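Take a moment with the sequence and the 3D view, then read on.

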Amino acid sequence: MEDNYQKIVDKHTPKEKIFYNTFIAFITGGIMGVIGNFLIEFYESYMSVPAKEATVCMLITLIFLSCLLTSLGFFDKWVNFCKCGLIIPITGFAHATQSAALEYRKEGLVTGIGVNMLKLSGAVIIYGIIGSFVFSLIRTLVGLV
Amino acid sequence: MIYFNSFIFCGLVCALGQIILDKTNLTPGHITVIFVVIGTFLDVFNIYDKIVLWAGGGALVPITSFGHMLTHGAIQGYNEGGILGLFNGTLNLTSAGISAAIIFSFFFSLVFEPKD
């Protein structure tokens, strides 16, 4: 009885188009990487920015673009389509910050934006810092510096 | 060639995230946290530096590079100022990204109305 039930459930669960989603994420993620590389070379060769600062300029440009496009309303549709292709790059971090800020805008400057802005992206910062502290402490204790 | 490498690397990272997202019940928040922690770990043995040399900008765009830069800053701080440097230097390299996200989203949320 239970086996039959499980079979019927499996049959009727909507098959997520895993292959299709993965392919879309691969293509869009790859395009994001190419854009990042292009921006670095653009800043290095045309604006004559030093190599290390070109990386920072590239990150700020991408964050600016994704914040702007999120507040104009395009980015949500793109994230629904590309999913991880836009969530994993730094654009996902900016998108989370921007959409939380827009959503809680009406609750006031401090209690709305101030409290809730880092609601989604705070996890990335917190666990990034914890992880880097633990791993670099281990590395210094082991003496790998 | 470096454009091809960055396409492959960034695409593979995103595809891996998509597979994890589809196969498990984790939310996108979990996925980004997992990838940041992977990035912090990969910098311990300087693996990520080699990936950056190989893939160029493609390795700097995914959120793993955020974790990589956190560990990189912490270790750089340790080399300059001992244990105190671990606290001092952690956010050194990523502060630009965090500040940019906060500054732009604050001003845009003042200017624009939320859609739908």
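## Aromatic pairs

Two rings of Phe, Tyr or Trp (for Trp, the six-membered ring) count as a pair if their centres lie within 6.5 Å. By this rule, the count over all chains comes to 16 aromatic pairs. Please keep in mind that this is a predicted model. A pair of aromatic rings is described by the distance of the centres and the angle of the planes.

Let us start with A:Phe64 and B:Phe104. Their ring centres are 5.1 Å apart and their planes stand at 75°, so this pair is edge-to-face, given that planes over 60 degrees apart fall in that class. The pair crosses between chains, with A:Phe64 in helix H3 (residues 51-72) of chain A and B:Phe104 in helix H6 of chain B. A:Phe64 has a relative accessibility of 33% and counts as partly exposed.

How does the pair of A:Phe133 and B:Phe87 compare with the cut-offs, and what is it called? Here the centres are 5.3 Å apart and the planes are at 45°, so the pair is tilted. A:Phe133 sits in helix H8 (residues 122-142) of chain A and B:Phe87 in helix H5 of chain B, so this pair joins two chains. A:Phe133 is partly exposed at 27% relative accessibility, whereas B:Phe87 is exposed, with a relative accessible area of 57%. Ring pairs also link A:Phe38, A:Phe42, A:Tyr43 and A:Tyr46 into a cluster.

## Where the two chains meet

The size of an interface is often given as the accessible area lost when the parts come together. Between chain B and chain A, about 5,700 Å² is buried, and carbon and sulfur atoms give 80% of that area. In chain B, the residues that lose the most area to chain A are B:Tyr3, B:Phe7 and B:Val61, which together make up 12% of what that side buries. In terms of contacts, 66 residues of chain B are in contact with 66 residues of chain A.

What about charged and polar links? There are 0 salt bridges between chain B and chain A, and 9 residue pairs are in polar contact, with both residues at pLDDT 80 or more. Several elements give two or more residues to the side of chain B that touches chain A: helix H1 (2-23), helix H2 (28-42), helix H4 (57-60), helix H5 (64-89) and helix H6 (95-111) of chain B. H1(B) gives the most to this side, with 17 residues. The residues on this side of chain B divide into 44 nonpolar, 17 polar and 5 charged.

Are B:Thr32 and A:Thr55 buried or exposed? B:Thr32, which lies in helix H2 of chain B, counts as buried at 9% relative accessibility, because the cut-off for buried is under 20%. Leaving aside residues up to four places away in sequence, B:Thr32 touches A:Ile87, A:Val124 and B:Ile63.

A:Thr55 belongs to helix H3 of chain A and is buried too, with a relative accessible area of 12%. With residues up to four places away in sequence again not counted, A:Thr55 touches A:Ile40 and B:Leu60.

## Positive phi in chain A

Most residues other than glycine have a negative phi. Now turn to A:Ser48, a residue other than glycine with a positive phi, near 50°. A:Ser48 is placed in the loop between helix H2 (18-45) and H3 of chain A, and it is exposed, with a relative accessible area of 60%.

A:Lys83 also has a positive phi near 50° and is a residue other than glycine. You will find A:Lys83 in the loop between helix H4 (75-82) and helix H5 (84-87) of chain A. At 28% relative accessibility, A:Lys83 counts as partly exposed.

## Chain B as a whole

How many helices and strands does chain B have? Chain B has 6 helices and 0 strands, and its pattern along the sequence reads α-α-α-α-α-α. Taken along the principal axes, the C-alpha atoms of chain B fill a box of roughly 50 × 35 × 35 Å.

Chain B has 116 residues, of which 48% count as buried. For contacts in chain B between residues at least 6 apart in sequence, 48% join residues at least 24 apart.

Key. Residues numbered from 1 in each chain as written. Chains lettered and ligands numbered in written order. Predicted model: local features only at pLDDT ≥ 70, side-chain atom pairs only at ≥ 80, totals over all residues. Heavy atoms only, no water. Contact = heavy atoms within 4.5 Å. Buried area = accessible area lost by both parts, 1.4 Å probe. Salt bridge = Lys/Arg side-chain N within 4 Å of Asp/Glu carboxyl O. Polar contact = N/O pair within 3.5 Å; in protein donor to acceptor, adjacent residues only side chain to side chain. Helix = DSSP H or I, 4+ residues; strand = E, 2+ residues; numbered from the N terminus. Nonpolar A, V, L, I, M, F, W, Y, C, P; charged D, E, K, R; others polar. Phe/Tyr/Trp six-rings, centres within 6.5 Å; stacked < 30°, edge-to-face > 60°. Buried < 20%, exposed > 50% of the residue type's maximum accessible area, 1.4 Å probe, protein only.
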